[in-house]
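This briefing covers a predicted model.

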Amino acid sequence: MDTPSDAAIVVSGLSHWFGTGEARKQALFDIDLAIERGRLTVLLGASGSGKTTLLTLMGCLREVQAGSVRLLGQELAGADEDVLVICRRRLGFIFQAHNLHDSLTAMQNVRMGLDVHGPAAPADWRSPCRHLLELVGLGERLDYPPGNLSGGQKQRVAVARALVGNPEIVFADEPTAALDRESGFQVVCMLKALGETRGTTTLMVTHDPRILDLADRIVTLEDGRLVPETR
Amino acid sequence: MTAFLERLLGRLPIGWLQLVHNPARLAAALAGVAFANILIFMQLGFLGALVESIRLPYSAMNADLLVSASDMNTLADGSPLPRSRMVEALSVPGVAAATPLHYGKLDWRQPDATIRTLDLFGVDPAAPAFRTPGIEAGRAMLQNADVALIDRGTRNVPMALFEAIDRGEPHRFEARGRTLTVAGTFRIGGGFSADGYLVVSDQTFLRLFPGRVAGAPNHVLLRLEPGADRSAVIAALRSTLPAYDSVVRTLDEAVAKDQAFQTTQRPVGLVFGFGIVIGVLVGVIIVYQVLSTDVADHLREYATLKAIGYRQRFFLGIVFEEALVLALLGFVPGVLIALALYAAVAAVTGLPISMPATRPLLVLGGTIVMCAASGAVATRRLARANPAELF
């Protein structure tokens, strides 16, 4: 595998299994993949093809069982919890479900993406949080709790939370599933713009065909194996 | 409150916000914690009343040392003591006075046919065996046969009866085939083994208990000469009196021995001790249920925060914050209700049940530990799992 020198993520010989004993099932087979910095890469594949498993392995959300994942230069296989925590703080996550705290306002939920950096977080958390919420079109709903927001608005708060800490890589698993056509398109455009302006890398699992046109690269998985790329 | 907690914690008070977000659940959780607190307070109150009720008769005694039979565990048990030990004790330098104390139990039948059980002390009317004002004031009356002094704290006896006695209207009742004339009152208060106390002369005591003999009291009360070296006198007494049938204790030692025996060997003490354990367990289960449900309900949110780099101690902090809020807010109604129940129990039973200042602090500390431990257990799943397994 040719590994670009500016790769944000380098995966080699990665395999993964679920279950134990006779129920043990292999989900990924010897994956070799490099994700370039600053680009919007889309992971494509049928349901059960291993997209989310690969995404969560690259995003430090699962333990690497076999093979290697180098994330921003850090080997994740065998890494201890402290190393994983440091890596995770350089990442942003957008999940299919917004997973917002019902008891926090939109601003407070977004603030959680800043507070994780502890003393390194800006003292004035309000400005970046407000800015991000305005960017996703929620400038008028800063102090709304999630219970008073629509599904699409909640997802946009989750997007703001993922981006407020200026992550180096954004992992997004079906981020537009809960958004209407226009909102989804805007969010992906914003992620792509982040790559162009800040060099943020975005790795996205999606079935949304509109987004494919915005992707810099499309990686397809089929039954846990990479399909040779056409673009 | 949120702003105060934010300043205090240096972060968003997520635990507090989560609790107040669901007022019904918070109210139920606080009721549970308060209930556990009340349970613990009541058991501690009963245990404290037991301990205090054991102390009361000793503290009424006008004595520095107590000589009892070597098999004595409480004021009420143990073999009779040879009266000769009193004479031997008096021969020890430093001992100023000695007086025998007879103990028995007497049933006092009420007009409604119910029985009041009384702890009966038989004393030499010539000697000041008790320092309690009522007994000391009425001691001369005990010279008369079948005259008694009664405890105003005797349970379930109309106060009017004691007031009448104090006005000079003696009360007479039959007991053990004799008519006793109650001519005066004093105050000690009922305990767990009897409803109150009755004091008679040693001669009246022996008439009530013909099987007992004057030469075998239950205890001998000793008073020391002013300025006597207590330790030296005790050592001399212990070398003088044979250890096989007698033991010398200070009143404090005798109280401690009695309290230790009754709280660890007698069913009533064990029941109250066990009640405290049950109260703690109930509290742990309630708080664990509340916190573990809360963690389970927010698992996806916590997993998301874990995914972006929050450490386990952050989640522990949230759960401890919730535990602390529950412990503090549940404690307030718990202690107030317990105080009201203490007053009710004291009024109904006459037991010396009270709230020492240290008890609320002890229970609050215990509640915080209980809540924190429950919280720590409730976050175990979160600690073990990879974030991806929690979505």
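A residue is counted as buried if 20 or more other C-beta atoms, placed from the backbone, lie within 10 Å of its own. By that criterion, buried residues make up 44% of the 391 residues in chain B of this predicted model.

**Chain B as a whole**

- Chain B contains 15 helices and nine strands, and its radius of gyration is 29 Å, well over the 21 Å that the globule rule gives for 391 residues, so chain B is more spread out than a compact globule.
- Taken along the principal axes, the box filled by the C-alpha atoms of chain B is roughly 90 × 50 × 35 Å.
- Among the contacts in chain B with a separation of 6 or more, 80% are between residues 24 or more positions apart.

**The sheet of chain B**

- Nine strands of chain B form an open sheet with mixed pairing, in the order β5-β6-β4-β7-β3-β2-β8-β1-β9.
- The edges of this sheet are held by β5 (171–175) and β9 (246–250) of chain B, each of which has a single partner strand, so one side of each is left without a neighbour in the sheet.
- On average, and with direction ignored, neighbouring strands of the sheet are turned by 35° against each other.
- Strand β4 (residues 147–151) of chain B runs antiparallel to strand β7 (residues 196–201) of chain B, and three bridges join the two; within β7(B), B:Val199 is the residue that stands opposite B:Leu149.

**Helices on the sheet**

- Helix α6 (residues 159–166) of chain B packs on the sheet, where it touches β5 and β6 (178–186) of chain B, and the direction of this helix makes about 85° with that of β6(B).
- Helix α9 (residues 251–264) of chain B lies across β1 (65–69) and β9 of chain B, and runs at about 105° to β9(B).

**The contact between chains A and B**

- Chain A contributes 23 residues to the contact, and chain B contributes 19 residues.
- On the side of chain A that touches chain B, at least two residues are supplied by each of α2 (81–88), β6 (91–94) and α3 (106–115) of chain A, and α3(A) gives the most, with five residues.
- Sorted by class, this side of chain A has ten nonpolar, six polar and seven charged residues.

Key
Residues are numbered from 1 along each chain as its sequence is written. Chains are lettered from A and ligands numbered from 1 in the order in which they are written. This is a predicted model: local features need pLDDT of at least 70, side-chain atom pairs count only at pLDDT 80 or more; totals for chains, interfaces and linings use all residues. Two strands pair if DSSP finds at least two bridges between them. Helices (H or I, at least four residues) and strands (E, at least two) are DSSP runs, numbered from the N terminus. Axes are lines fitted to C-alpha atoms, for helices over the stretch in contact, and angles run from 0 to 180 degrees between N-to-C directions. Two residues are in contact if their C-beta atoms, placed from the backbone, lie within 7 Å. Ala, Val, Leu, Ile, Met, Phe, Trp, Tyr, Cys and Pro count as nonpolar, Asp, Glu, Lys and Arg as charged, and the others, Gly among them, as polar. The radius of gyration is taken over C-alpha atoms; the globule rule is 2.2 Å times the number of residues to the power 0.38. A residue is buried if 20 or more other C-beta atoms lie within 10 Å of its own, exposed if 12 or fewer, and partly exposed in between; C-beta atoms are placed from the backbone.
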